[in-house]
Amino acid sequence: MVATNDLRFMAAALSLAERGVGRTALNPSVGCIIVKNGIVVGRGWTQSGGRPHAEAMALAQAGGHAQGSTIYVTLEPCAHVSPRGPSCAQSLCQAAPAKVVIALQDPDPRTAGDGMKSLRASGIELLTDVMPSQARSSLAGYLSRMTKGRPFVTLKMATSLDGQIAMADGSSRWITGEVARAHSHVERARSDAILVGAGTLRADNPQLNIRLAGLEARQPRKIMLGSGDAPQGWEVIRAPSDIATLACNTLLIEGGAATATAFLRQGLVDRLLLYRAPILLGSGKACLSDIGLGQLADAHGRWQFSDSRSLGKDRLEVYEKLH
């Protein structure tokens, strides 16, 4: 049974890891905490662009206090050689902690267990698989890219209660209120890139930027799905499957209905964010069209509810794809 303190400090490391989500691609966003005699002497998280790694940042803070300490890290320390410096596994071995606690093994074939082997070979006590489900959630983008060869995809839809995203004439500003829109900006800040269809881009000219105080520096890449020219600074992909060519961990899809339908038809959506406003539009524009279901039974067993919350007058529901 995992000790309470190990769970507490791993939870803190996972919280630190969240600071880098959407900013570290192609590296994972990892959290690390170094504890000695019950006191935190070092902490770190993967910095923007992927360097320095969480372990390097925490070790720099801890200095000599790392010797004999317990180190908590949300992903197995990297073991591959890099021209930019020693691997995190090497650095931890040199720091000589008494114990290292790891949430999840790294699927990267350059590490994939070798980091843990190095630690054990150095005589360091190792505790693994501590809060692994929480770590998988935190590292969802990186794990998707490692195991599926594509980013983790979140589909956002803001609809009326009857599933409409616009009036019949196309009017859609604003279906949801300010609180829901602010929350969607937080989701943008946690994404490496945002994608819309060419039709949405030409019709609405969306900015897709983050307009929240303190998060202005977190501006994701902008991707257009379709053909034709895109504004300066935008990237273009022709088909949903082309997301495999994007060098990113997390992708947020914001519209419109044709784009959402295309990604769902190809099974490329991992997470649904459904923002619902307490309004009925009746004859409007539906959020989806044919997603390729042959019969009603095919619709069941695909999604699992994971979260909900009130956002002002609106409601958010989150669903995760069942694999």
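Ile-253 is buried, with a relative accessible area of 0%, where buried stands for under 20% relative accessible area, exposed for over 50%, and partly exposed for what lies in between, computed with a 1.4 Å probe on protein chains only. The residue has its place in strand S11; helices (H or I, at least four residues) and strands (E, at least two) are DSSP runs, numbered from the N terminus. Leaving aside neighbours within four places in sequence, Ile-253 is in contact, that is, has heavy atoms within 4.5 Å, with Val-153, Thr-154, Leu-155, Lys-156, Leu-195, Thr-259 and Phe-263. Between the C-alpha atoms of Ile-253 and Ser-171, which are 82 residues apart along the chain, the separation is 20 Å.

The model is a predicted one, in which local features need pLDDT of at least 70 and side-chain atom pairs count only at pLDDT 80 or more, while totals for chains, interfaces and linings use all residues. Residues are numbered from 1 along each chain as its sequence is written, and side-chain values use heavy atoms, with hydrogens and water left out.

The protein chain has nine helices and 15 strands. Of its 323 residues, 48% count as buried, and among contacts between residues at least 6 apart in sequence, 72% join residues at least 24 apart. The C-alpha atoms fill a box of roughly 70 × 45 × 40 Å along the principal axes. A compact globule with 323 residues would have a radius of gyration near 20 Å, and the 22 Å of the protein chain agrees with this; the radius is taken over C-alpha atoms, and the globule rule is 2.2 Å times the number of residues to the power 0.38.

Strand S11 belongs to an open sheet of eight strands, ordered S10-S9-S8-S11-S6-S12-S15-S14, with mixed pairing; two strands pair if DSSP finds at least two bridges between them. At the edges are strand S10 (234-237) and strand S14 (303-311), each of which pairs on one side only. Neighbouring strands of this sheet are turned by 25 degrees against each other on average, direction ignored. Strand S9 (residues 221-225) runs parallel to S10 and is joined to S10 by four bridges, and Lys-222 stands opposite Trp-234 in S10.

Helix H7 (residues 178-189) packs on the sheet, touching strand S6 (152-159), strand S8 (193-197), strand S11 (250-255), strand S12 (271-276), S14 and strand S15 (314-321), and its direction makes about 160 degrees with that of S12. Helix H9 (residues 257-265) also packs on the sheet, where it touches S6, S8, S9, S11, S12 and S14, with its direction at about 110 degrees to that of S8. For these angles, axes are lines fitted to C-alpha atoms, for helices over the stretch in contact, and the values run from 0 to 180 degrees between N-to-C directions.

Strand S15 of the sheet holds Glu-317, which counts as buried because its relative accessibility is 19%. The side chains of Glu-317 and Tyr-319 are joined by a polar contact of 2.9 Å, a term for a pair of N or O atoms within 3.5 Å of which, within protein, one must be able to donate a hydrogen and the other to accept it, residues adjacent in sequence counting only if both atoms are side-chain atoms. Beyond its neighbours within four places in sequence, Glu-317 is in contact with Leu-272, Leu-273, Leu-274, Arg-276, Asp-307 and Ser-308.

Asp-307 in turn meets Arg-309 in a salt bridge between their side chains (2.7 Å, N to O), a salt bridge being a side-chain nitrogen of Lys or Arg within 4 Å of a carboxyl oxygen of Asp or Glu. Asp-307 is partly exposed at 27% relative accessibility, and Arg-309 is partly exposed at 36%. Salt bridges that share partners also join Lys-148, Arg-150 and Asp-270 into one network.

The structure holds 15 salt bridges. One of them links Arg-190 with Glu-18, the closest N and O atoms being 2.7 Å apart; Arg-190 lies in the loop between H7 and S8 and Glu-18 in the loop between helix H1 (4-17) and S1, so the pair ties together parts that are 172 residues apart in sequence.

Strand S1 (residues 31-36) itself pairs with strand S2 (residues 39-45) in the antiparallel sense over six bridges, and Cys-32 stands opposite Gly-44 in S2. The hairpin of S1 and S2 has two residues between the strands, and Asn-37 takes a positive phi near 55 degrees there.
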